[in-house]
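The following note sets out points for a colleague who is examining this model.

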Amino acid sequence: MTDTTPDAAPRATTFTTRSPATGEPLAEHPVDGPEEVARAVARARRAQEGWAALPAARRRERLLRWKRLLARELGTVARTVAEETGKPAGDAGLEVVLTLEHLGWAARNADRVLRRRRVRTGLFTVHQRASLVHRPLGVVGVIGPWNYPCYTPMGSVGYALAAGNAVVLKPSELTPATGLLLAALFDEAVPAHAGLFTAVTGAAATGEALVRSGVDKLAFTGSPGTARKVMAVCAETLTPFLAECGGKDAVIVTADADLDAAADAIVWGAFGNAGQTCAGVERVYAVREVHEALCERVVRRAGVLRPGSGGDAHYGPMTLPGQLKTVARHVTEAVSSGARALLGGPESVRAPYVAPVVLTGAPADSAAMTEETFGPVVAVDAVADVDEAVARANDSRYALGAAVFCGSRRTGAAIAARLHAGAVSVNSVLGFAAVPALPFGGSRDSGFGRIHGAEGLRAFTAVQSTTVQRFAPPIALTSFEVPAAARERAVRLARSLHLRH
């Protein structure tokens, strides 16, 4: 619809997506306004009633049917992801595979995690049988990102559906076709529940319309600044809100670490997907004895990487054009304030690509060390010992992911326990992302709440506590008919018991 009021400019009804690599048009998509979003939510709410009424085993069967269709259409889904993001086809295929892993886990484990559970009662409530159950919320709104337009939203979409909810997804305006394809394949796999999972397209106004549409929870992935705005709107109606807002992830390398393995993982974690990974490697703290040797290995591996759009490219362009300015600013300011560029430098930014940049000695308060760069840049700094490495890793307003490389797995796990990050890998990077049973999320400016795993399933439910009286208690303490003397004896008995234990 077009706004025809005299004081308003006509509202665009469609928008065009473009290839990040070439700028060529990809497709036209509708700009869904409040009316279209409201219809999608209403349709999802109607479909959810029948979905929630299904036995858990039948929901599982339908979700696994969708998973199998996604697997059969993996090439189509991966090609859509690659076209919209610019990432290499192989990376897009891996993203879809990880999506299938999580969807399968959610489908198979929802009943086990969410089924009614008996709870022990206390001495004074022995006459009660207590239990709790996780009920679906209703309709969950999901605002997805552009960097992993299939894998990241599925951490909310798949788990919310498995928990008995309907979902309305607003994919990024850079990657709408991926979201639309996921929803279309759901309808194809389970036509009896068409509309249970649907996608609406558009930019910020469409996202705001979804937030204001009366959804029962909103799951958001994006920047901290946008998250605060979305959360403010959610607060108006006390709509529950889950936020994943990126990170400035650190890697700690100890003196006895396998430096070749560490360098290999650091390069992959820092430059994979052109550094556009919320839990990607941006900071490395290596103890001084091995810092130089580690830097040599990182530079050697990163130096052979080639960004581009061809089949031999290691990673693609910057998907969000505006991010080029952020990357250029971080690198330029770091070098001008004393950092050394061991590989690349300000000249590495050549739109729409950024060649690998390896820095060392950037000031701790520089943007390159404190702000999310979200590009193929990594800073490798020397520290006196592990204690300094832990302190510097934790000295960030982000707390999403981290990694530790250490000769001893036990020592590595002990170091990991000292980090504030929500997820930590020892002797690998991003190991947690491929384990569906592990929850994922952070704190501080990285957001709050968890997706994936049992916690991710429970995140899309409301807990209901129930007691059923099995027999009349000897003393009915919740009745005005109980004599005061009897109540006092019960209090004295309780006090005596608690003094002993």
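**Notes on the predicted model**

By class, the lining of the largest cavity comprises eight nonpolar, four polar and four charged residues. The model is a predicted one, and the points below should be read accordingly.

1. **Annotated span.** An unreviewed UniProt entry lists residues 13-465 under "domain: Aldehyde dehydrogenase". In the model, this span is 43% helix and 21% strand, and its end C-alpha atoms are 47 Å apart.

2. **Largest cavity.** Four cavities of 30 Å³ or more are counted, and the largest has a volume of about 120 Å³. Its lining is made up of 16 residues, with R283, A393, Y398, G401 and A421 lying nearest the centre. At least two lining residues come from each of strand 10 (249-253), helix 13 (386-394), strand 17 (398-399) and strand 18 (401-405).

3. **The annotated active-site residue.** The unreviewed UniProt entry lists E244 for "active site". In the model, E244 belongs to strand 9, which covers residues 241-244. Is E244 buried or exposed? E244 counts as buried because its relative accessibility is 7%, and the cut-off for burial is under 20%.

4. **Surroundings of E244.** Apart from neighbours within four places in sequence, E244 is in contact with F220, T221, G222, C278, L400, F440 and S446.

5. **Largest pocket.** The volume of the largest pocket is about 890 Å³. Which of the elements gives the most to the lining of the largest pocket? Helix 8 does, with six residues. By class, the lining of the largest pocket divides into 17 nonpolar, twelve polar and eight charged residues.

6. **Helix 8.** This helix runs over residues 224-237, a length of 14 residues, and spans 21 Å from its first C-alpha to its last, close to the 20 Å expected at 1.5 Å a residue. P224, A227, V230, V233 and C234 are buried in helix 8. An α-helix has 3.6 residues a turn, so residues three or four places apart point the same way. The buried residues of helix 8 pack against helix 7 (204-211), strand 8 (217-221), strand 9 and strand 17. Just after helix 8, L238 adopts a positive phi of about 55 degrees.

7. **Second largest pocket.** The second largest pocket has a volume of about 640 Å³. Its lining consists of 30 residues, of which L94, Y148, W268, T277 and L430 are the closest to the centre. Two or more lining residues are given by each of helix 4 (89-114), helix 5 (151-162) and helix 9 (259-271). The class division for the second largest pocket is 18 nonpolar, eight polar and four charged residues.

8. **L430.** This residue, one of those closest to the centre of the second largest pocket, is not a glycine, although its phi is positive at about 60 degrees. L430 is placed in the loop between strand 19 (423-426) and strand 20 (443-444). With a relative accessible area of 16%, L430 is buried.

9. **H452.** A positive phi, near 70 degrees, is also found for H452, a residue other than glycine. Where is H452 placed? H452 is in the loop between strand 21 (447-448) and helix 15 (453-458). At 2% relative accessibility, H452 counts as buried.

10. **Cis peptide bond.** The bond joining A351 and P352 is cis, with omega about 5 degrees. P352 lies in the loop that separates strand 13 (349-350) from strand 14 (353-354).

Note on methods:
Residues numbered from 1 in each chain as written. Predicted model: local features only at pLDDT ≥ 70, side-chain atom pairs only at ≥ 80, totals over all residues. Heavy atoms only, no water. 1 Å grid on protein atoms, 1.4 Å probe; cavity = no way out; pocket = protein on both sides within 12 Å on 5 of 7 lines; lining within 4 Å. Points joined across faces, edges and corners; volume = space filled by probe spheres on them. Helix = DSSP H or I, 4+ residues; strand = E, 2+ residues; numbered from the N terminus. Nonpolar A, V, L, I, M, F, W, Y, C, P; charged D, E, K, R; others polar. UniProt positions renumbered as here; feature names shortened; annotations may be inferred. Buried < 20%, exposed > 50% of the residue type's maximum accessible area, 1.4 Å probe, protein only. Contact = heavy atoms within 4.5 Å. Expected span 1.5 Å × (residues − 1).
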